[in-house]
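The following note sets out numbered comments on the structure shown below. It is meant to be read beside the sequence and the model.

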Amino acid sequence: MSLLLGVFSAFCLLGAALGQDVTYEDYLAQIKACPRECHCPRNFPSSVYCDNRELKQIPNIPPHTLYLYLQNNLLESLSKEALSNATQLRWLNVNRNRITDEGMAEGALEATPQLLQLYMGDNLLTSVPDGLPSSLEQLQLSRNRISKIPAGVFSGMERLSLLDLQGNKLLDDAVTEVSLKGLGGLVQMNLAKNQLSSMPTGLPPSTTQLFLDGNNIQGIPSEYFKGLPKVAFLRLNGNKLSTGGVPRDVFNLSSLLELQLSHNQLTEVPFISAGLEHLHLDHNQIKSVNGSDICPVSAEALEDYANASAPKLRYLRLDGNEIPPPIPRDVVTCFRLLRSIVI
């Protein structure tokens, strides 16, 4: 009896693991069809692990596969036939291979209309691949050699919420409204460690998290964030921003919760909004900080504020500058919710 209960429980688990109504025959077929080069866990047969096998081509993938792991191999191409049997695929990881533009066959992913997450980092791509499924929610293309985003490549991809292009070779003219057209639902854009010298244009208004660390950005247009009303997390660490290139009110955004400006060339603390919670200004050239200059609320008004209405800054990092201790009392008085100051 215990054996029967165990088999029944395992079968229920398998049904959930396969993510659909599945017969026992389908389960057996999935296990039996597992490629000899790969591992298919019996308690989660919808996952097929073919990573770290020095594979040069993709083996035949079982039809009920939802999660396919092919990272850390020697793959140079992704053919149309390679995934023709994996029509239910939700997750594909081909990170750290040798896939090139030429190796991405036309229609390579057309058999995967339900694909949600695609990981193609650490390959040899020089362009964002065409023919991506419109079902994608996350696309990770970090650390390739991408210098081009073809016009229309994101057409119809309103479901894409995360686009990771960090560590590529994108210049200013590659990131435009034309090249990003179609990304109406984008939430996170990662363009860190590229070759941008100015703030990227054409980002959709839905962008909430914008990561631009490690570029060569020197300034920010005064009206730049008017087209990004939802930006809440902004990282500009390791650029060439100077106080002269940062308009006084450019970061005074009601939506902004975290602002990172470490390792730049700022000589003054920029003006911030009352809603900002985390501010990173370490390793700049700031010599002093004055509460009356940076407090988003006047001293008179602050006296009448309850804690719930006071500026929300909780974390402030100022180390690596030329600011002599201690922190002025008016800074602490303004930002009364501060829990941590690093200087």
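**Comments on the predicted model**

1. The model, which is predicted, holds 3 disulfides.

2. Cys34 is joined to Cys40 by a disulfide, with an S to S distance of 2.1 Å. This disulfide is right-handed, because the torsion about the S-S bond of Cys34 and Cys40 is about 90 degrees. Are the two cysteines buried or exposed? The limit for a buried residue is under 20% relative accessible area. Cys34 has a relative accessible area of 18% and is therefore buried. Cys40 has a relative accessibility of 8%, so Cys40 counts as buried as well.

3. Cys38 and Cys50 make up another disulfide, with an S to S distance of 2.0 Å. The link of Cys38 and Cys50 is right-handed, with 105 degrees about the S-S bond. Which parts of the chain does the pair tie together? Cys38 lies in the loop between α2 (24-32) and β1 (47-49), and Cys50 lies in the loop between β1 and β2 (67-69), so the bond ties together parts that are 12 residues apart in sequence. Both Cys38 and Cys50 are buried.

4. The sulfur atoms of Cys295 and Cys334 are 2.0 Å apart and form a disulfide. This link is right-handed, with 85 degrees about the S-S bond. The pair links distant parts of the chain, 39 residues apart: Cys295 is in the loop between α3 (291-294) and α4 (299-303), while Cys334 is in helix α5 (residues 329-334). Cys295 and Cys334 are both buried.

5. For the chain as a whole, the secondary structure comes to 5 helices and 13 strands. Taken along the principal axes, the C-alpha atoms fill a box of roughly 75 × 55 × 30 Å. The chain has 343 residues, of which 49% are buried. Among the contacts with a separation of 6 or more, 50% come from residues 24 or more positions apart.

6. In soluble globular proteins, nonpolar side chains tend to be buried together. Here the largest nonpolar core has 88 residues. Which residues have the most contacts inside this core? They are Leu92, Phe154, Phe225, Leu236 and Phe251. With residues up to four places away in sequence left out, Phe251 touches, among others, Phe225 and Leu236. Other residues touched by Phe251 include Ile220, Leu234, Val246, Leu256, Leu259 and Leu261, together with Pro270, Phe271, Ile272 and Ser273.

7. Pro270 also belongs to the lining of the largest pocket. The volume of the largest pocket is about 250 Å³, and 14 residues line it. Which of the lining residues lie nearest the centre of the pocket? They are Arg248, Glu268, Val269, Pro270 and Ile294. By class, the lining comprises 7 nonpolar, 4 polar and 3 charged residues.

8. Pro45 is located in the loop between α2 and β1. With a relative accessibility of 0%, Pro45 counts as buried. Pro45 and Pro270 are 225 residues apart along the chain, and their C-alpha atoms are separated by 54 Å.

9. Some points of backbone geometry deserve attention when the model is inspected. Most residues other than glycine have a negative phi, and most peptide bonds are trans. The peptide bond from Pro325 to Pro326 is cis, with omega near 0 degrees. Pro326 is placed in the loop between β12 (315-317) and α5.

10. Where do residues with a positive phi lie? Glu54 has a phi near 55 degrees, a positive value in a residue other than glycine, and is placed in the loop between β1 and β2. At 63% relative accessibility, Glu54 counts as exposed. Asn72 likewise has a positive phi, near 60 degrees, and is found in the loop between β2 and β3 (91-93). The relative accessible area of Asn72 is 27%, so this residue is partly exposed.

How values were computed
Residues are numbered from 1 along each chain as its sequence is written. This is a predicted model: local features need pLDDT of at least 70, side-chain atom pairs count only at pLDDT 80 or more; totals for chains, interfaces and linings use all residues. Side-chain values use heavy atoms; hydrogens and water are left out. On a 1 Å grid over the protein atoms alone, a cavity is a set of points where a 1.4 Å probe fits but cannot get out, and a pocket is an open set with protein on both sides within 12 Å along at least five of seven lines; lining residues have an atom within 4 Å of a point. Grid points are joined across faces, edges and corners, and a volume is the space filled by probe spheres set on the points. Ala, Val, Leu, Ile, Met, Phe, Trp, Tyr, Cys and Pro count as nonpolar, Asp, Glu, Lys and Arg as charged, and the others, Gly among them, as polar. A disulfide is a pair of cysteine sulfur atoms within 2.5 Å. Buried means under 20% relative accessible area, exposed over 50%, partly exposed in between (1.4 Å probe, protein chains only). Helices (H or I, at least four residues) and strands (E, at least two) are DSSP runs, numbered from the N terminus. A nonpolar core is a set of buried Ala, Val, Leu, Ile, Met, Phe, Trp, Tyr and Cys residues joined through side-chain atoms within 4.5 Å. Contact means heavy atoms within 4.5 Å.
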